[in-house]
Amino acid sequence: DDVRFAKIMIEKAHERNLRAVVATQFVDVYFLINKFNPAAITLDVKVPDASGWRILDLFKNDINLRHIPIHLISGEENKLLGMQRGARSFHLKPLTNESLSLLFSDIVEYSERKTKRVLLIEDNDVESSQLIKFLGNNRLIEIDLAASGKKGLDMIRTNTYDCIIVDYMLPDLAGMELIMEITEINKARIV
């Protein structure tokens, strides 16, 4: 909805040799995604003709689109809500030049990574082995397993993961407490 900000985003993308396309209306979003197959999406929560939160939910619930990392941008502090709904990062307006550089560095680095790294935090051996079998049928996913919340947090502190799957009922940490700690750890990585 902010043409000036859109131009800044396009310039930053071009500095990183990325193509950038701006959808000014919700009706254009799916057309542009299908036409350009984006490596990432930056989404302003305040879209003029739709709710940015609704758009995020639509992406994350669509099996053909959920793999696309979405970076939320908002004038209101709602980082926890964005991360809970599957956003890769959350950025509070106004964004500094440094914040934009970090955002585009993350987009480039994530898109260039061929093997995606997944952390599975699960204490039940049967369920973890089933999930690993389900996810690990190709060489595109590398899976690490943590049998407790505390072990998972230690692994997150020392490794970078593209996806973290959490058992919400671990014996050592409550699910929401674990999610909050993961969010705190990732704050330092993705502004």
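Glu-76 is partly exposed, with a relative accessible area of 39%, where partly exposed lies between buried (under 20% relative accessible area) and exposed (over 50%), judged with a 1.4 Å probe and protein chains only. The side chain of Glu-76 meets that of Lys-46 in a salt bridge, at 2.9 Å from N to O, a salt bridge being a side-chain nitrogen of Lys or Arg within 4 Å of a carboxyl oxygen of Asp or Glu. This is a predicted model, in which local features need pLDDT of at least 70 and side-chain atom pairs count only at pLDDT 80 or more, while totals for chains, interfaces and linings use all residues. Residues are numbered from 1 along each chain as its sequence is written, and side-chain values use heavy atoms, with hydrogens and water left out.

**Salt bridges**

- Lys-46 lies in strand β2 and Glu-76 in the loop between β4 and α4, so this pair ties together parts that are 30 residues apart in sequence; helices (H or I, at least four residues) and strands (E, at least two) are DSSP runs, numbered from the N terminus.
- Lys-46 counts as partly exposed, at 44% relative accessibility.
- Asp-44 forms a salt bridge with Lys-93, and their closest N and O atoms are 2.7 Å apart.
- Because Asp-44 lies in strand β1 and Lys-93 in the loop between β5 (89-92) and α5 (97-112), the pair ties together parts that are 49 residues apart in sequence.
- Asp-44 is buried, with a relative accessible area of 16%, whereas Lys-93 counts as partly exposed at 25% relative accessibility.

**Helix α1**

- Glu-15 and Lys-12 both lie in helix α1 (residues 3-15), three residues apart, which is about one turn of the helix, and their side chains meet in a salt bridge of 3.6 Å, N to O.
- Glu-15 counts as exposed at 56% relative accessibility, while Lys-12 is buried, with a relative accessible area of 9%.
- Met-9 is also found in helix α1, and Met-9 is buried, with a relative accessible area of 8%.
- Leaving aside residues up to four places away in sequence, Met-9 touches Thr-42, Ile-73, Leu-100, Leu-103 and Phe-104, where contact means heavy atoms within 4.5 Å.
- Met-9 and Phe-104 are 95 residues apart in sequence, and 9.2 Å apart in space from C-alpha to C-alpha.

**Helix α3**

- Within helix α3 (residues 52-60), the residues Gly-52, Trp-53, Ile-55, Leu-56, Phe-59 and Lys-60 are buried.
- These residues cover an arc of only 160° around the axis, which puts them on the same side of α3; the arc is that of the directions from the helix axis to the C-beta atoms.
- The buried residues of α3 pack against α2 (26-36), β1 (41-44), β2 (46-47), β3 (50-51), β4 (70-74) and α4 (79-84).

**Nonpolar surface patch**

- Leu-80, Tyr-168, Met-169, Met-176 and Met-180 make a nonpolar surface patch of about 500 Å².
- Met-169 lies in the loop between β8 (163-166) and α8 (175-187), and counts as exposed at 71% relative accessibility.
- Patches are made of residues with over 30% relative accessible area and no salt bridge, like charges being joined within 9 Å and nonpolar side chains (Val, Leu, Ile, Met, Phe, Trp, Tyr) within 5 Å.

Notes: Accessible areas come from the Shrake-Rupley method with a 1.4 Å probe; for residues, only the protein chains shown count as cover.
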